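Welcome, and thanks for taking a look at this one with me. Please have the sequence and the 3D view open as you read.

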Amino acid sequence: MPSHRTAFPGSAFWTVVRLSAREFTAYPSDVLLEFFTYPVAFLGYYFFLQAIAGVNPLPPDLPLQRLALYYSLGWLLRMIFHQRTDVGMGSLIAQGDIALLLLRPLDISRWMLAQALGQAAARALFYAGPGIIVLALFGGGLGDYLPANPLVFCLAAATGFLILFELQMFIGALSFFTTLNFQMSWTLDMLMRLLAGLVVPLSLLPEALQSALAWLPFPHVFSIPIRSWIEPQPLVFWAPVLLQGGVWAALLHLLNRRFYGFALKRLDIFGG
């Protein structure tokens with residue numbers, strides 16, 4: 001999205017990131033409560049999958065421990081990535097608070113990205129880290145839960161975060177034209193769960209659907225970061241996948257810039 005006045009300076013960007021992370025810890029009781037509830041939820045997934053495995057055999061390439069790790073990583077990533085940016089952006093527009101931001105010398109997209117990064121960092125520290133440790137202790141050892149490709153995972157996760165952020169910003173900017181932002185946000189969330197591999201691993205879908213999804217940005221949000229964690233493939237295998245994800249993130253960013261610029265031209269605040 002374009003800067004409507006000046007570029008958002010790098011120092012200011014990281015200041016907003018830090019402030020957003022500190023805001024997350026403003027209520028320690030909330031952090032402490034969720035610190036304990038998320039690991040319990042992961043254990044619930046494990047026992048649920050264990051019960052399913054007792055009734056129907058699991059796929060050979062997805063034994064119980066690996067399937068439990070797959071789903072746990074998926075929901076950990078969703079907890080970090082899903083910042084409800086679309087709802088936040090929609091509220092700014094619907095309530096007219098967007099006018100206050102337009103008066104400031106900053107880029108709204110970068111400001112919201114900085115806020116999302118701060119929240120994501122805090123969630124990764126206080127929730128995702130302890131969640132992985134609990135899974136490792138319960139599953140028999142930390143070695144089985146370390147990423148197979150740490151560098152690839154970090155790059156894939158960063159790409160997935162940016163893709164989801166841009167998708168949510170697009171849904172949020174639609175509030176310039178419609179008041180049904182919440183319904184569209186809910187629809188995006190449901191589609192993301194299915195098409196990004198949270199409901200079921202994409203490798204279990206029909207081959208035709210897998211081939212179609214391979215050209216879309218959705219698998220880059222959750223499925224590919226998870227696979228890079230659990231599949232020990234060489235870097236040469238992941239290079240074209242990461243490149244494709246980066247291209248999608250850039251294309252979505254450019255789309256948002258043009259769409260946001262078009263929407264601002266139609267914005268009318270107090271006759272302005």
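The numbered points below go from the overall fold to a cavity, its charged neighbours and a few helices.

1. **Ground rules.** This is a predicted model, in which local features need pLDDT of at least 70 and side-chain atom pairs count only at pLDDT 80 or more, while totals for chains, interfaces and linings use all residues. Residues are numbered from 1 along each chain as its sequence is written, and side-chain values use heavy atoms, with hydrogens and water left out.

2. **Overall fold.** The chain has 11 helices and zero strands. Helices here are DSSP runs of H or I with at least four residues, strands are runs of E with at least two, and both are numbered from the N terminus. Along the sequence the pattern therefore reads α-α-α-α-α-α-α-α-α-α-α.

3. Of the 272 residues, 44% count as buried. Buried means under 20% relative accessible area, exposed means over 50%, and partly exposed is in between, using a 1.4 Å probe and protein chains only. Among contacts (heavy atoms within 4.5 Å) with a separation of 6 or more, 81% are between residues 24 or more positions apart.

4. **Cavities.** On a 1 Å grid over the protein atoms alone, a cavity is a set of points where a 1.4 Å probe fits but cannot get out, and lining residues have an atom within 4 Å of a point.

5. **What lines the largest cavity?** The lining is made of Arg 78, His 82, Leu 164, Gln 168, Leu 188, Asp 189, Met 192, Arg 193, Leu 198 and Phe 222. The elements giving two or more residues to this lining are α7 (150-173) and α8 (181-195), and α8 gives the most, with four residues. By class, the lining has five nonpolar, two polar and three charged residues. In this scheme Ala, Val, Leu, Ile, Met, Phe, Trp, Tyr, Cys and Pro are nonpolar, Asp, Glu, Lys and Arg are charged, and the others, Gly among them, are polar.

6. Side chains of opposite charge can pair when their charged atoms come close. Counting a salt bridge as a side-chain nitrogen of Lys or Arg within 4 Å of a carboxyl oxygen of Asp or Glu, the total comes to three. Asp 189 pairs with Arg 78, with the closest N and O atoms 2.7 Å apart. That pair links distant parts of the chain, since Asp 189 is in α8 and Arg 78 is in α3 (residues 64-81), 111 residues apart. Asp 189 also pairs with Arg 193, at 3.2 Å between the closest N and O atoms; both lie in α8, four residues apart, about one turn of the helix. Arg 78, Asp 189 and Arg 193 are thus linked in a network.

7. Asp 189 counts as buried because its relative accessibility is 11%, whereas Arg 193, at 23%, counts as partly exposed.

8. **The other salt bridge.** Arg 227 pairs with Glu 231, the closest N and O atoms being 3.3 Å apart. Arg 227 is partly exposed at 27% relative accessibility, while Glu 231 is buried at 17%.

9. α7 has 24 residues and reaches 34 Å from its first C-alpha to its last, close to the 34 Å expected at 1.5 Å a residue; the expected span is 1.5 Å times one less than the number of residues. In α7, 17 of the 24 residues are buried, so this helix is largely enclosed by the rest of the structure. Helix α10 (residues 223-230) is mostly covered, with seven of its eight residues buried, including Trp 229 and Pro 225.

10. Ala 21 is found in α1 (residues 10-24) and is partly exposed, with a relative accessible area of 22%. Beyond residues up to four places away in sequence, Ala 21 touches Gly 118 and Ala 122. Gln 119 is found in α6 (residues 108-139) and counts as buried at 17% relative accessibility. Leaving aside neighbours within four places, Gln 119 is in contact with Ser 20, Phe 24 and Gln 83.

Methods. 1 Å grid on protein atoms, 1.4 Å probe; cavity = no way out; pocket = protein on both sides within 12 Å on 5 of 7 lines; lining within 4 Å.
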